[in-house]
Each structure stands twice: as structure tokens, then as C-alpha cells.
Amino acid sequence: MACSFPDARARRRGGLDRLRRASALAASALVAACGPGEEPPGRSAAAQPAAPEPALAAAGAVEPLDGGADVEAAPAASREALRPGRGDKLASIAMRTFVYAAPERGALKLGYLRAGALVERAAAPSGDAGCAGGWYAIHPRGFVCVGKGASLDLDHEIVAATPAGPRRGEPYPYRYVVSRKPPPHLYVHLPSEAEQRRVEGRSRAQGTPAWSRRDETLLGEPEPLTPFFASRRDLPKPLGAAEKVRFPAHRGRARADSAFGLISTFAWTGRRFGLTTELDLIPIDRTSAVAPTAMRGVEVKGEGTPAFVMHHGVRTLKPDASGELRPDGWAAHRSGWVLTGKTAAAGAYVETDAGVWIPASALRVARLGRDFWGHAARGRKWIDISIELQTLVAYEGERPVFATLVSTGRGELGDPATTSATVQGTFFIREKHVTATMDGDELSESSVDLRDVPYVQYFHNSYALHGVYWHDAFGKVRSSGCVNLAPADAAWLFAWTDPPVPEGWHAAFNDKGGTLVYIHA
């Protein structure tokens, strides 16, 4: 089953001449599927437009606007009111509050905010064309329309119902759970015991089964009730969140084989409830908490070649006073090492930059990539992915700086048009989402609803690099076409690649100038 994301939306260019000249400005659609697409794969780097000026690239391939197109022409007294930086803020009240390059609907989309996010804004609007509430410049760039998707009221019910945002930079930006059978109900408020009996035929969990104790450990302590939840007010629905049915206490059941990212969890009536990113409350005892993977890539601090231990029970060795290699410790399965190039015992053992030696037969050694595009000569970032080795190596110029194991498409080296193979070729990261919802993939044979997939980076049609929380098979083919990463590795890459996602934003778009991705056999 192919994994899929929300349908693509059309984009239009527009705005002022100054914005049109910024060649790096681009926005992209919210994409459709981790599978074959329409654009021919393998766009040549030679066809990539010229890189933006360094100042623009450092700012995310777009010049910070900080106000309106007419800021400089405005009287000095009002000029500062059109720029962020005076302490005023704006709240997102939609699942996607789009940020535009200019204060008009036809302008480029630079990215979006998620419901509950607060960002710095200008004190005064930069116009109201097509936006009755006015267009406000936000930090660090772009404009947001105040109305259905955004509010100046920082006490808005969507903000009050969203106690926290994603934990960017952490491997798991939310706490993740997978539904059991039958799936949990979606409550509209913290339900009374009578409501739980009426809806579920029960009021609380009976005893503390082993799986519940495990989940308590994985989820950590519940948060204290905020005033909003203590009041048991009905949860609002952000614009763009699904709400197909509505009963007095709940919105029906979640779809079968659902997985959720939880903003918070609360102890209530002897049970524990989790708040989803679409502002539903689910009983935790109807789910299983996701156990984090131990998989981590390796940063390359100096010279050397990254490699990974692919067997269990591998001993490390150190030379004794006489130079004889002696057992020293253990190398964990899938642990990453950096090889110095020195060997011993006719190549049977290889030296690592940690000062220990490892049997060569236990290692999968990355093949260092070739610079076909002149990126290395210019010191630019690029990513090399080998389908045969299931490895990813990130470079700054000619130097590898990070490497990890991945899971590419089950179709291996097949035709991505007819199989679940990962597309091969040269691409550029065009949009990045802190999290995104995916339909389908490998959670189970009938998996259909994977919420808040972490650190999604699209590089070609619906193909993306992204973290996964539903499998731990890194180093083997597994996906429906995307490049699966361990969450910690996905977080590292997300922070390293271009375009950058500004603090407080949930996504950034840029069709031009993003980090190069080279995928090959």
C-alpha cells in the first residue's frame, strides 16, 4: 500500500518586483503519495537555477521582508509598526496557516504555521487586499492573513486548548501511540465516568495490566490539567481538521490501525487521556505507546569512512603493550563507527577513530560518493543515498559529516512507476514539514492513518526523507518508496538541510536552492 499525504494544492506566483527577483522564493504543494509521480525522475543538477546570494540562502533562500512592500515609502512614524519586533504576536488557529511572500492571496507560499503556534508579528497590518482582518508581517519573513486561519487574540480557544507545540530537535516531536483493536473513541472533552460507560460500556481500566505499566513508563508522567481541560469545555476544531460526525461527548472512533502524535496526556477518572494534534482526546488504554528505537547515525568529526555493525555479539579489540589485539568490549548491532583506513591481520580487522578495532566482516562500509555537480568544490551540502547498501551519507563539500542506515522502497532497484522502489536520480529538497500525516505504509497490512510522521523532507513529487516510529528495520528495504530514517537521524538531517524552517513555523517551502539529494544503486 502506497503511503500518501494530503492532496497537492495549486500555487501561483505574484507580488512585487523585489519579490519576483528573489530567485530562491518558491512554495510547494502539500504532497500526495510516497510512490510514483508525474515528473520524470533524475532532474539534473546542471539544470538547477543559480544558487541564491549567500545572504538570501542563510535566511532560507528568501530575503527577510520584516514589513510590507511599501515599508520604506511609509512615513518614519509608522514604518516601525509594519515590522515585527515590538512584542506583538499572532496565533495560528488552523491546521495550516499559510505564510505568503507578499500581502496578497496570489503571492508565493513560504510555509505554514500549525494550530496553537504563536509567532511575532508587526503591530499594524500591511494592507487588507483579500483579507478583511489584514495582512501582518511575521518573523522572520512573510505575511499572514488574520481571519479564519489566524487571530490576534492570544487567548483564542484554539490556543487555550493547545498547551504545547512539537518538540523540535528531539527525535520524537510528540509522544506516539498506536491504536489497539477496537480503536479508541475521540472524545470532545474529558469525559465523566457516566459518559465513558455510555460510550464504551466501561468507566475505567480494570487493574494495571503489564502493557499499561509499560506504556506509563514510555509516556512519562501526565501533565497537570490546564484551566481549559479542568473546565471540561468542548474542544474546538482547528480549520482543516477532520470532523465527520459529532455526538454529545465524542466524534466517533478513530480509524482502524491509527497512530497518533500526542501533545499532552492527562490523568482523569482513574484513566489517562491523550490530546492529539487535531484536538481530540483519546483514552490511552485503548492504544499502545511506541517504543523508541536505539538506532542512531554517526557524525564524522574528522577524516574517515563511516561504517555500521550489522551483526550481534561483535567484540571490539584494543592493542596491548606488545601491540597484540585483545578483546576490549562490544560493538552494538547497527552502531556507527568511523574507520581510519588502517587494517590488521591481512585486513581482518579495521581501526576506528575511537581507538578500537572491529572485525571487517561485521561491518557495512559506506561508499563515499562522487561530486558530479561541483557542489564539493563550492563547499555546499549534499546527500548521497545508496539503495544497495541502505546507507545515507551527508556531505559538506567533499567531507562526509554524517552517516546512517535507512530503509528505502521494497521494490529495491525496480521501476518506481510499477513497484514500490525508491526513485533514483538527482533532486533538491523543496519543502520540509516538522510533522505531516501519512495514509498507509508499513504499520500493518491495512494501515491507513499515520499521524504526525516526523521530520518530512520532500525532494521529488511525493518522495521524501522522513522519520518513522512504526518500524525499526533500518538497514533493510521496507518503505513504500520514501527514504525512512530513525527519528533521531531524521531530526539531525532536518536541522542540517536547506531550506531552514523558522522557529515557530511548522513547514517551509522552496522549490529552488534546497539541499541536493543523490539516490543511486
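Residues are numbered from 1 along each chain as its sequence is written, and side-chain values use heavy atoms, with hydrogens and water left out. Because the model is predicted, local features need pLDDT of at least 70 and side-chain atom pairs count only at pLDDT 80 or more, while totals for chains, interfaces and linings use all residues.

**Salt bridges**

Let's begin with charge pairs. A salt bridge here is a side-chain nitrogen of Lys or Arg within 4 Å of a carboxyl oxygen of Asp or Glu. By that rule the count is 19 salt bridges, including these:

| Glu170 | Arg167 | 3.2 Å |

For surroundings, buried means under 20% relative accessible area, exposed over 50%, and partly exposed in between (1.4 Å probe, protein chains only). Glu170 is partly exposed at 40%, and Arg167 is partly exposed at 27%. Glu195 is buried at 12%, whereas Arg232 is partly exposed at 29%. Asp280 and Arg251 are both buried.

Helices (H or I, at least four residues) and strands (E, at least two) are DSSP runs, numbered from the N terminus.

**A hairpin**

Two strands pair if DSSP finds at least two bridges between them. Strand 19 (residues 314-319) and strand 20 (residues 325-331) pair in the antiparallel sense over 6 bridges, with Arg315 opposite Trp330 in strand 20. The two strands form a hairpin with 5 residues between them, and Gly323 in the turn has a positive phi of about 90°.

**Aromatic rings**

Rings of Phe, Tyr and Trp (its six-membered ring) pair if their centres lie within 6.5 Å; planes under 30 degrees apart count as stacked, over 60 as edge-to-face and the rest as tilted. The whole structure holds 14 aromatic pairs. Phe228 and Phe229 are edge-to-face, because their planes are at 75°, with ring centres 5.3 Å apart. Phe228 is buried at 4% relative accessibility, and Phe229 is buried at 3%. Trp382 and Tyr395 are stacked, with centres 4.2 Å apart and planes at 5°. This pair links strand 25 (residues 381-386) with strand 26 (residues 391-396). Elsewhere, ring pairs link Tyr172, Tyr176, Tyr469 and Trp470 into a cluster.
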